[in-house]
Amino acid sequence: RAKSAGRQRFVLFDDTLQQAAMDVLEIEQGLRTALAGNQLQPYFQPLVRLADRHVVGYEALVRWHHPQRGLLLPGEFLQVAEDSGLMEAVDWQMYRMACEQGGPLVEHGGFLTLNISPRHFQNGDFDTQLLQLAADTGFNPAQLRIEVTEGTLLGDPEAVIQVLERLRAACVEAALDDFGTGYSSLGHVHQFPLKMIKIDRSFVDPLGRQESREGSQRSSAIISAILALARSLGLEVVAEGVETEAQYEALTAMGCSYAQGYLFGRPQPAARWLGPTG
Ligand code: C2E
Ligand code: MG
Ligand code: MG
Ligand code: MG
C-alpha cells in the first residue's frame, strides 16, 4: 500500500519535473523569438510625491506580449533569461525602448528609472554603455535613474561604487530597490553613492490594516526607523506598493516623501499616460 502510493507519487513528481523542464526550454526559445520580433515592451508606473500626488517620475517595467500565452510579467521569465544568458540582451533592448518611449513622459520634467540586474556590474563599462544609449536615443542623462538591489551592492562593492560614481558625475542617480529584503543595513548602504531608497512592498503592505493592528504597528516602526536614518543620510525615500488610502495616510503622517503603487497608477504603456484623458 505504502509502496504503491510511493510509486504513484514518484510518477507524478517525475511528470512535474519534465513539465517544468519543458517550460524552461520553451520560455528560453520563446525569448529568443521575442528579442528578434518586438514582443518585449516597457510599461511605465508613476512615482508620486505624497504631499500632492504630483508625478515626479516613471519606472520602466518589462512586459512580454507572448503570441500564445498573452501578457507575461517579469516573474514568469526573467529568471529563465538570467539562467540562459539572455538577461543582458533582454535588458538592453528594454532600456533602449524605455528611453525612446519614455522620453515624451518626462518632456516637462521628472525622471525615468530603469531596473539594472547585477550582472551588468560584472564588466566595468556599464556606465559607458548606458550613457551611450542615452546619447543614441536623445535622452537627457540627468533625467535617467537606475534601480539596483542590495545583491548588486554586495557583489563587488568597490567596482560598484566606481560605476555609480562615474554615473553620478554624468548626472545619472541611483536608487536602492526593494530595501529591507536583503542583508544590508542602512548604515552599510551609506558608503554607496545613492540618491534614493525604495522601501520594499512587504513593509508597506501591513500598514493601516484593521485586521492586524500588531502587524501594522510593526511595519510603522520599521518604516519610521528607515525614514529617520534616510533623512540623516540625505537619502530620498520611496514607499513601494501603496494600494490603499489608509497606507497613503499612514506614510504621509510618518513623513515619507514619495510613493509608488496601484493607488496612484498601475504600470501601463507610455501611450496610455500620454493619451487625451491623461
Ligand atoms: P521592482 O523593481 O521592485 O518593481 C515593482 C514591482 O511591483 C513591479 O512588478 C510592479 O508592477 C509591482 N507593483 C507596483 N505597485 C504595486 C502595488 O501597489 N501592488 C502590488 N502588488 N504590486 C505593485 P513587475 O512589473 O512584475 O516587476 C517585478 C520585478 O521584475 C521588478 O521589481 C524588477 O526587479 C524586475 N524587473 C522589471 N522590469 C525589469 C527590467 O527591465 N530589467 C530587469 N533587470 N529587471 C526588471
Ligand atoms: Mg524597481
Ligand atoms: Mg522595487
Ligand atoms: Mg519590489
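Trainee: Which residues coordinate the magnesium ion (ligand 2)?

Mentor: Glu59 (OE), Asn115 (OD1), Glu147 (OE) and Asp177 (OD), at 2.0 to 2.2 Å. Donors are N, O and S atoms within 2.8 Å of the metal (3.2 Å for Na, K and Ca), so these four qualify. Water is not among the atoms, so sites may look incomplete. This is a predicted model: local features need pLDDT of at least 70, side-chain atom pairs count only at pLDDT 80 or more, and totals for chains, interfaces and linings use all residues. Side-chain values use heavy atoms, without hydrogens and water; residues are numbered from 1 along each chain as written, chains are lettered from A, and ligands are numbered from 1 in written order.

Trainee: How do you know that the length of helix α9 (residues 213-233) agrees with its residue count?

Mentor: The expected span is 1.5 Å times one less than the number of residues. For 21 residues that gives 30 Å, and the end C-alpha atoms are 30 Å apart, which agrees.

Trainee: Which residues of α9 are buried?

Mentor: Gly215, Ser216, Ser219, Ile223, Ile226, Leu227 and Ala230. They share one side of α9, because their arc is only 105 degrees (directions from the helix axis to the C-beta atoms). Buried means under 20% relative accessible area, exposed over 50%, partly exposed in between (1.4 Å probe, protein chains only). On the other side, Arg213, Glu214, Arg218 and Ser232 are exposed.

Note on methods
Helix = DSSP H or I, 4+ residues; strand = E, 2+ residues; numbered from the N terminus.
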